[in-house]
Amino acid sequence: MSLKLNGYHNAKLSGQNGTSTNGHANKITDPDIGHRYTYEVLVETVDFIKSRVPFEPVVGIICGSGLGKNQIRHKNASDILYLFSEIDPFTGSLAECLTSPIEISYTTIPNFPQSTVKGHAGSLVFGHLSGLPTVCMKGRFHYYEGYPLWKCCMPVRVMKLLGVTHLIITNAAGGLNPKFKVGDIMFVNDHINIMGFAGNNPLQGPNDERFGPRFPPMNQAYNRTIINLAKKVAKEIGLADRVHEGVYTCLGGPNFETVAELNMLKMLGADAVGMSTVHEVITANHCNMTVFAFSLITNECVVHYETEDEPSHEEVMDVGKQREDSLKQLVTELLKEVFHLGITTRRG
Ligand SMILES: O=P(O)(O)O[C@@H]1C[C@H](O)[C@@H](CO)O1
Ligand SMILES: Nc1nc2[nH]cnc2c(=O)[nH]1
């Protein structure tokens, strides 16, 4: 059977020549786990990107809902889209902070999934941020779009192969912690992988040691030094009373949670809930990237039946728009500090 994925034959995605930890050849027959991106397929994607971008990014940024939606103005209709006018450094989406940007639409990148969600533009933007070569994902992939977790996380491995050592992951999330207000920022210090409890993990299936180990640790998934730097930077730019630290959890979505579910998540120790990030963080840690993640609290979770407020994606995007200037300033200033200190990757 020959299925087509983004114009590339399934066979190309299912070579499965990764090393199995028990020494046996990987013979995949289960159709659900047999169509992953092999190392070689990702190299093909990376080669395409490298042929269009004249530098290697060291910083990767994944823009959350509402934080990566604006289209950069284009000079022509080709697959590489050059910015031609100067943009105010603190207006527009996070990607607009990049100087001399080169934007590549996901639709033109071999093997890349496509964005289907409002507020997720669907392109990679390359440029410099705080003087550092950076790639920014304007639009991420979610499980509820119909993508399996390994596919949602494919761009993380692409970034790794492009040279990215430090990944900044942003998301929009509902606040479970009663201290959190709409518009606050939560630096993620840990997560609860609820989808993983049921065995749904982006690393499920054959392990290719060229990416990372079969059994990666996750107890230091979020770089402590960067969280502390982010707190310092937040203070310096006047955000001290709007930032918190906390535990993020992700559900599959697309529906927002019931009152009973939210109360359960609170009891479990989650401070914010969203529909992304956890699997990206797992994939990034697996391949030895240094991770910093933060949530923009776009709504307060409704934990009482008497409350009539309802969350909506429109509200999520509106809050993203309102807070994007602060977030951009935070990321820009933080990056200066991170690379001044020279923080190394997890495994040296
Ligand atoms: O991509 P993120 O995690 O920032 O988006 C959150 C979760 C849903 O995609 C969306 C709901 O409004 O916001
Ligand atoms: N699951 C979930 N995702 C969100 N993204 C933004 N707000 C929310 C929320 O309340 N719940």
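Visitor: Leaving aside its neighbours within four places in sequence, which residues is Leu167 in contact with?

Guide: Keep in mind that this is a predicted model. Leu167 is in contact with Gly60, Val156, Met159, Ala284, Met289 and Val291. The word "contact" is used because the C-beta atoms of two such residues lie within 7 Å.

Visitor: What makes Leu167 stand out in the largest nonpolar core?

Guide: Leu167 is among the residues with the most contacts inside that core, along with Leu94, Cys136 and Val291. The core itself has 83 residues, and helix H9 (313-341) brings the largest share, seven residues. As a general point, nonpolar side chains tend to be buried together in soluble globular proteins.

Visitor: Why is Asp309 called exposed?

Guide: Count its neighbours. Asp309 has 11 C-beta neighbours inside 10 Å, and a residue is exposed if that count is 12 or fewer, so Asp309 counts as exposed. You'll find Asp309 in the loop between E12 and H9. Its C-alpha atom is separated by 9.8 Å from that of Asn299, ten residues apart along the chain.

Visitor: How do you know that helix H8 is largely enclosed by the rest of the structure?

Guide: Nine of the nine residues of H8 (residues 278-286) are buried, so the helix is largely enclosed. Those buried residues include Val278, Ile282 and Ala284, and also His279, Glu280 and His286. After H8 comes Asn288, with a positive phi near 65°.

Visitor: Which residues come nearest to ligand 1?

Guide: Gly64, Ser65, Met275, Ser276 and Val316 come nearest, out of 13 residues around ligand 1. E8 and H9 each supply at least two residues of that shell.

Visitor: How does the shell around ligand 1 divide by class?

Guide: It has four nonpolar, eight polar and one charged residues. Watch the glycines when you check this: Gly64 is one of the nearest residues, and Gly counts as polar.

Visitor: And which residues are closest to ligand 2?

Guide: Ala172, Gly174, Val273, Gly274 and Val316 are the closest of the 15 residues surrounding ligand 2. Strands E8 (166-175), E11 (272-274) and E12 (290-300) are the elements that give two or more residues to this shell.

Visitor: What does E8 give to the shell around ligand 2?

Guide: E8 gives the most, with three residues. By class, the shell around ligand 2 divides into nine nonpolar, five polar and one charged.

Methods: Residues numbered from 1 in each chain as written. Chains lettered and ligands numbered in written order. Predicted model: local features only at pLDDT ≥ 70, side-chain atom pairs only at ≥ 80, totals over all residues. Near = placed C-beta within 6 Å. Helix = DSSP H or I, 4+ residues; strand = E, 2+ residues; numbered from the N terminus. Core = buried A, V, L, I, M, F, W, Y, C linked by C-beta atoms within 7 Å. Buried ≥ 20, exposed ≤ 12 C-beta atoms within 10 Å, placed from the backbone.
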